[in-house]
Every structure is written in structure tokens, then in C-alpha cells.
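Trainee: Could you take me through one part of this model in detail, with the cut-offs behind each term?

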Amino acid sequence: MFFERHGGGERALLVHLEGQNPEAREDPQEFQELALSAGADIVSLVTISRHQPTAKYLIGSGKVEELRDQVKADEVDLVIFNHTLTPSQERNLERVFECRVLDRTGLILDIFAQRARTHEGKLQVELAQLEHMSTRLVRGWTHLERQKGGIGLRGPGETQLETDRRLLRVRLRQIKARLEKVRSQREQARRGRRRAEIPSVSLVGYTNAGKSTLFNALTQSEVYAADQLFATLDPTLRRLELNDLGPIVLADTVGFIRHLPHKLVEAFRATLEESSNSDLLLHVIDAHEPDRMEQIEQVLAVLGEIGAEGLPILEVYNKLDLLEDVEPQIQRDA
């Protein structure tokens, strides 16, 4: 249901809000990369200074009018906000712009839907999408409410909306049951490795830090690696022989991003548990990224959410070739 993608990019207008508290600050550059990763054809990026979000539109009504004129003039198909919108804000904005409106969470979910390759990955994405959609069902079905009455419109007592909610609940239960099965299979495999005393090492880090490229170099594998956000969704495990230690299992995992939607952390719990059950984490850091300290904090925050903050971590600074006068080196602390 969620994996049919129509070809061609959509003409998108990006809206970024400045002036919110530093905790909720988003990066406009990263926002544009996300939109491009989703296949959007960016018409323009509008930055709005806003200190007090409004309940109806998130932004002021004057700005909404300005954006509406721009949407009409540039024939925009989609307006994407670099922030989380409530279902009612999304509906109100769609009514004014007369085109689809997406928030940051919806955008990340869309990228995940495009990248999911394995059966488990697709289930995890669908779970996150359905939970996100369940609060937004109202907007699609106003034309099918039974209250209208009239010949041919007097329904059996259940509105289309209620039917959809019921079907959604059934589907959510099915997916959760299947993912629970996957989770127990993973746990069994981990127990087997523990019994055989094979240590496991996980690559973690911000999205597009170069985890899959490093994984391929270490294991001579050909895991999909690309210079784009969220190229890896499904964890890959490979056995690796180390000279003075013997065999280990190396895991390549999904990258993190600032304000990773909580629904995604929940849906990907089975995958992320691969990291929280490791003996060692290799934290891959993009040395060329100006905001790398912020990215490091975000990764540590997600590791805290999945209960992996107490594990030993080795920091691996990647992309040194993009810096001037820096030689590869190993630094040791006490």
C-alpha cells in the first residue's frame, strides 16, 4: 500500500523556521538534503523568523497568505516544513495552499519507505507510517461522512472514517505481532553468538557519516553505500577475522539524525537493539562536517533512548581526505 512511488520529482517549496529555542533548532542545509533524498524538485527555500508558534498554522496568517501566493505562482505540488506539524495545522495549511503539506517527520518517513529493502525493513516503515497517519485520517474522508444523508448516502451506520480506523488498528496489530517474531529470532541469533563467545561490534553514527563505506572496506562486502541521507536502513551483519582476537561479528546499522521521530525509534527498535546488545560501538563521525559536535550529541541521545549509552565506544573520524593538512592517526587516552 505504501511502497508505490510515482516517477519524477515533485515541485516542492521548503519552509524553515528560525528563532525557536536552540533545542528545537533545525539545520536548513540538512533539510534541503533530506528533500533531495526524497526525490523532491526544490523550487525555493523560505526562511521565516518566528519566536512564538501559532496553534492554527504554526506561522502567522500574513506569512501563510504570502506562501499561498508563491505556491500559486510557482505551481508547487508540495510544501514541506522543517518542523513537526500537528494534524490540524497540516489540514489548515493544506486548505489554504490547496496542495499537499508535509512536515519533517512525514518527509523522513517517506525517505525510509523508499529505502526499505528487506521484509522486516518494510514492516518497520509501515508501522511508523500507519502510526503517523492514524492521527491524520480525518483529512481524507470529509466527503464520505454519513451525516450528509440523501439518497445513496445513508450508510450502514459506520462512517468511512470509522471503517478506516478499524482496518488500521487490525493492520497495526498484525505488523506488531510479526515484528515481535523478528525480534525473538534476532534475540535467538544473539544468544547463539554469545554461547559461541563471538564478540559483536556495531557501527553507529549520524546519517551519511560513511558507516557503510567503512563496513565494506573492513569486510570486503558490497553493501549499498551512497552519499545520501539514510542509504542504509536494514542492518547487515558480517563475520570478520581479527589477527589477535579471532572471529567477531560486525554490524552496519541505520544512521541517526537530529530529532529522529520517536515513532521511528519505536518502529526500528528490533533493528536498533543490534547496537544496544553489542560489546563495542564504533561511532563513525564525519570529520569534515562543521556541526559535528552537535551530530555527536544527537547520536549519543539516540543511544540513550535505546539503552546503549553505557557501552564502550571508539570514535572513528571519517572523511579526513576532505580536510587539509590532516594525517590519519590513532589517538589513545588513558
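Mentor: Helix H1 (residues 28–37) and H4 have axes that come within 9 Å and cross at roughly 40°, where axes are lines fitted to C-alpha atoms, for helices over the stretch in contact, and angles run from 0 to 180 degrees between N-to-C directions. That makes H1 oblique to H4, since angles under 35 degrees count as roughly parallel, over 145 as roughly antiparallel, 65 to 115 as roughly perpendicular and the rest as oblique. Helices here are DSSP runs of H or I with at least four residues, numbered from the N terminus. On the H1 side the contact (heavy atoms within 4.5 Å) is made by Glu-30, Phe-31, Leu-34, Ala-35 and Ser-37, and on the H4 side by Arg-104, Leu-107, Ile-108, Ile-111, Gln-114 and Arg-115.

The model is predicted, so local features need pLDDT of at least 70 and side-chain atom pairs count only at pLDDT 80 or more, while totals for chains, interfaces and linings use all residues. Residues are numbered from 1 along each chain as its sequence is written, and side-chain values use heavy atoms, with hydrogens and water left out.

Turning to the other partner, the axes of H4 (residues 104–115) and H5 (residues 119–134) come within 10 Å and cross at roughly 155°, which makes H4 roughly antiparallel to H5. Within H4 lies Phe-112, which counts as buried because its relative accessibility is 2%, buried being under 20% relative accessible area, exposed over 50% and partly exposed in between, with a 1.4 Å probe and protein chains only. Leaving aside residues up to four places away in sequence, Phe-112 touches Val-125, Phe-230, Leu-233, Val-254, Leu-264 and Phe-268.

How values were computed: Helix = DSSP H or I, 4+ residues; strand = E, 2+ residues; numbered from the N terminus.
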